[in-house]
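Please keep the sequence and the structure in view while you read.

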Amino acid sequence: MKLIVGLGNPGKQYEQTRHNVGFMVVDKLSKELSIPLDRTKFNGIYGIGHVSGEKVILLKPLTYMNLSGECIRPLMDYYEINDDEMVVIYDDLDLPVGKIRLRTKGSAGGHNGIKSMILHLGTQQFNRIRVGVDRPHNGMKIADYVLADFTRDEEQGINEAIDRTTNACEKWLSTSFVQVMNDFN
């Protein structure tokens with residue numbers, strides 16, 4: 001079984017913001033893999049399907065970003081999912097818009113959603129795909145920046161990153177995450 005988690009914030013006002021790039025990827029995967037997000041439990045919305053004989057769960061925590069681990073841990077326990085059977089997708093200020101970086105472990109790097117996951121999972125060793133959103137250049141506060149929509153100049157880059165991340169997740173369903181890292185980093 002594989003779990004793909006996209007981090008973000010629930011609500012219409014956050015849909016196209018930098019902080020919701022994880023939700024955007026899960027929404028795209030839901031369409032491409034024909035796995036409807038039709039279940040609500042564990043304070044999240046998720047769907048279960050099968051891809052090439054592999055059971056796949058797509059999850060969007062509805063806890064707001066800073067409490068993401070409160071949704072993910074109970075779902076993993078209920079479905080008996082190991083840490084290495086999960087990948088989490090989230091925004092990263094330290095990468096330029098459009099770049100992605102895959103890792104099997106690491107610190108939170110200041111990302112509150114990942115801090116919550118590390119706290120609730122009890123480990124920093126879990127697969128992740130960081131999607132670059134860049135840093136604010138005009139003195140804007142980081143909280144305001146990540147909760148703002150992408151600019152028109154950023155749209156092409158972020159759409160390409162969402163496509164690449166979606167492709168990486170799909171490839172992970174049939175090969176090891178290390179191989180996917182080698183192919184996409």
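## Paired strands

Which residue in S4 is the bridge partner of Val 51? The bridge partner of Val 51 in S4 is Glu 54. The model is a predicted one, in which local features need pLDDT of at least 70 and side-chain atom pairs count only at pLDDT 80 or more, while totals for chains, interfaces and linings use all residues. Residues are numbered from 1 along each chain as its sequence is written, and side-chain values use heavy atoms, with hydrogens and water left out.

Strand S3 (residues 44-51) and strand S4 (residues 54-61) run antiparallel and are joined by eight bridges, where two strands count as paired if DSSP finds at least two bridges between them. Strands (E, at least two residues) and helices (H or I, at least four) are DSSP runs, numbered from the N terminus. The hairpin of S3 and S4 has two residues between the strands, and Ser 52 takes a positive phi near 50° there. On the other hand, strand S2 (residues 39-41) is antiparallel to S3 and joined to it by three bridges, with Lys 41 standing opposite Gly 44. The hairpin of S2 and S3 also has two residues between its strands, and in this hairpin Phe 42 has a positive phi near 60°.

Six of the eight residues of S3 are buried, so this strand is largely enclosed by the rest of the structure. Buried means under 20% relative accessible area, exposed means over 50%, and partly exposed lies in between, using a 1.4 Å probe and protein chains only.

In soluble globular proteins, nonpolar side chains tend to be buried together. A nonpolar core is a set of buried Ala, Val, Leu, Ile, Met, Phe, Trp, Tyr and Cys residues joined through side-chain atoms within 4.5 Å. The largest such core has 34 residues, and those with the most contacts inside it are Ile 4, Leu 58, Leu 102 and Ile 129. H5 gives the most to this core, with six residues. Apart from it lies another core of 24 residues, including Leu 75 and Phe 126. When neighbours within four places in sequence are left aside, the residues in contact with Ile 129 (heavy atoms within 4.5 Å) include Val 87, Leu 102, Ala 168 and Phe 177.

## Two pockets

A pocket is an open set of points on a 1 Å grid over the protein atoms alone, where a 1.4 Å probe fits and protein lies on both sides within 12 Å along at least five of seven lines; lining residues have an atom within 4 Å of a point. The largest pocket has a volume of about 470 Å³. Its lining has 26 residues, of which His 19, Leu 93, Gly 110, His 111 and Asn 112 lie nearest the centre.

The second largest pocket holds about 270 Å³ of space. It is lined by 17 residues, and Glu 15, Gln 16, Asn 20, Met 24 and Asp 27 lie nearest its centre. H5 gives the most to the lining of this second largest pocket, with four residues.

Conventions
Points joined across faces, edges and corners; volume = space filled by probe spheres on them.
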